[in-house]
Amino acid sequence: MAEKPRIKLPKQAGKGEVAEIKTLMAHVMESGQRKDANGKIVPRKIINRFTCTFNGKPVFECELEPAIAANPYLQFSVKVEESGVFAFTWTDDDGAVIVAEEKIVVA
C-alpha cells in the first residue's frame, strides 16, 4: 500500500450540513483463492479495515472481506457541526497502515 489514497470531500460546509466523502485506495486486493502460473495459491492480501474519525471521534468504519474489488472505493456521508479534521485509516492483512487527513471548514 505505497500509493497515496485519493480523498474527495468539500473544503467548506454549512453548520449541520451533510458532507459526502469519497475515498479510493490503490491496492491489488488478492483474495487468497487464486492460483499463480505454477498452480500455487497466491496468498491473501487485502485491506481488511477502514476507519474514519472527525476531530478524534469515529464517524464511519467497516471491515472488508476478500470479495471486495481491487482499488477499493468507499463513499459515505457525515453531518458536520464544526470545523475540523477527518482522519482516514486503511489497514492491510500484513499490518501495514496508511493514514490520511483532510480538513473541512464549517461557516
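Visitor: Where is the place of Thr 23?

Guide: Thr 23 lies in strand β3, residues 17-24. A strand is a DSSP run of E with at least two residues, numbered from the N terminus. This is a predicted model, in which local features need pLDDT of at least 70, side-chain atom pairs count only at pLDDT 80 or more, and totals for chains, interfaces and linings use all residues. Residues are numbered from 1 along each chain as its sequence is written, and side-chain values use heavy atoms, with hydrogens and water left out.

Visitor: Why does Thr 23 count as buried?

Guide: Buried means under 20% relative accessible area, with a 1.4 Å probe and protein chains only. Thr 23 has 2% relative accessibility, so Thr 23 counts as buried. Buried residues make up 33% of the 107 residues in the protein.

Visitor: Which residues is Thr 23 in contact with, leaving aside its neighbours within four places in sequence?

Guide: Contact means heavy atoms within 4.5 Å. On that basis Thr 23 touches Arg 6, Ile 7, Phe 50, Pro 72, Tyr 73, Leu 74, Phe 88 and Trp 90.

Visitor: What makes β7 and β8 a pair?

Guide: Two strands pair if DSSP finds at least two bridges between them. Eight bridges join β7 (residues 84-92) to β8, and the two run antiparallel. In one of these, Trp 90 has Ile 98 of β8 as its bridge partner. The hairpin of β7 and β8 has four residues between the strands, and Gly 95 takes a positive phi near 95 degrees there.

Visitor: How many bridges link β2 and β8, and in which sense?

Guide: Strand β2 (residues 12-13) pairs with β8 (residues 97-106) over two bridges, in the parallel sense. Ala 13 has Val 106 in β8 as its bridge partner.

Key:
Buried < 20%, exposed > 50% of the residue type's maximum accessible area, 1.4 Å probe, protein only.
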